[in-house]
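Reader: I'm new to this one. Could you show it to me and walk me through how the descriptions are reached?

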Amino acid sequence: MITSYEIFVPILMGSGAALRTGLKVKQMGLKKVLLVYDKGLKDVGIADTIAESLKNAGIEIVVYDKVLPDPPDTMVEEGAVMARSEKIDGIVAVGGGSSMDTAKGINVLMNNEPPIMQYFGVQKNLKPGVPMVFIPTTSGTGSEVTNMCVISCTSRGNKDSVVSPVCVATLAIVDPDLTMGLPPKMTATTGVDALAHAVESITGAQANPLSDALARDAIRTIAKYLPVACHDGSNIEAREQMILASTFAGMAFTNGLVHLGHSIGHTLGAKFHIPHGIGCAIALPEVIEYTSRTEYKKVRMICECLGADVKEDASPEEIGAEAKKALRALIKSVGIPNLKELGISLEDVLKVAPLVTQDTGFALVPYRITAARVAEMLKSAYDA
């Protein structure tokens, strides 16, 4: 079998790593950077810490602090106008996936004409942007090491992705100290996002030995440390292990890709404005049961990582049922709500099934299913 492996982003990792941001940016030869973050990071002091590090290194800063969840295309295009007019030569993004996706979208438009929606899909021939440094403050998206950005298309009412080398960071600075202040709800929401990346990448269309190894390690780590991080947010070991697992899961799905769970998550997020991690987590137990029909060997592997006891002679259906049970227990243990608890009607939920089949990731499902089957899965997950 001939397998293609993606080259990963260089990573500076460890407690206190973020304090070296200015030094690393200066070593890259940058003089004026766009600092991208949401205003919440200003409130907790993280944005100021990064800004001070940059200024102390003699780096000029242009601030874009209008980042919103599920970044809309209009916001990305606004940020790109600022970046081009200020003639920045680099981008530093601090925050969760929304900040990094915003930065990636801005970089796409540095030297490629808007609108961003015309570049949705795999793009191999875009004009290069500028060097980017990503500093995650959550343990979930893995965006610091991926080659894609997810953008909300306001005119279509859906989410889509740009997949391109222009979306790849020049450096990731991964510092667990920046996650210490995350409240339990955000810790859980982002943690199950990482879990979904790892689980889906093992069963993805391009799964390979490297993505499998990274994903297995991520699943084991998340199963052990996510509950700890949620219930004891000051546990530095749990925070270190979770941010490492998030990065590994990001590497895994860059190589192995994700599929149905993310298609459902994207659609639920676009239609009901629920956090991405919650949407993916709601779908995950149903998706892994569906996947087991053809990928039961991989699903057995996932069960082992979760500590689920599967009989040696278990059928694909039994393996899928055990995986579903184990995933649902883990997700519930950290307080992830179901769709009913989120106040969404079952009737409205079932209406999105056809839209799930239109998501880009749906093309990567292990075997073809209909919108009616997706509706059955949504119904099963609704009040589980």
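Author: Happy to. Going by the DSSP runs, the protein chain has 14 helices and nine strands, and keep in mind that this is a predicted model.

Reader: How do you know whether the radius of gyration of the protein chain agrees with a compact globule?

Author: You set it against a rule for chain length. For 384 residues, a compact globule would come out near 21 Å, and the protein chain has 20 Å, so the value agrees. Along its principal axes, the C-alpha trace spans about 65 × 45 × 45 Å.

Reader: What makes a residue count as buried, and what percentage of the 384 residues do?

Author: The cut-off is under 20% relative accessible area. In the protein chain, 57% of the 384 residues count as buried.

Reader: Which residues of helix α3 are buried?

Author: In α3, residues 46-56, they are I46, A47, I50, A51, S53 and L54.

Reader: Why say that the buried residues of α3 line one face of the helix?

Author: Look down the axis of α3: its buried residues fall within an arc of 160°, so they line one face. In general, an α-helix has 3.6 residues a turn, so residues three or four places apart point the same way. On the other side of α3, K55 and N56 are exposed, the cut-off for that being over 50%.

Reader: What covers the buried residues of α3?

Author: The cover includes helices α1 (21-27) and α2 (39-43), along with strands β2 (32-36), β3 (60-64), β4 (90-95) and β6 (132-136). Contact here means heavy atoms within 4.5 Å.

Notes: Residues are numbered from 1 along each chain as its sequence is written. This is a predicted model: local features need pLDDT of at least 70, side-chain atom pairs count only at pLDDT 80 or more; totals for chains, interfaces and linings use all residues. Side-chain values use heavy atoms; hydrogens and water are left out. Helices (H or I, at least four residues) and strands (E, at least two) are DSSP runs, numbered from the N terminus. The radius of gyration is taken over C-alpha atoms; the globule rule is 2.2 Å times the number of residues to the power 0.38. Buried means under 20% relative accessible area, exposed over 50%, partly exposed in between (1.4 Å probe, protein chains only). The arc is that of the directions from the helix axis to the C-beta atoms.
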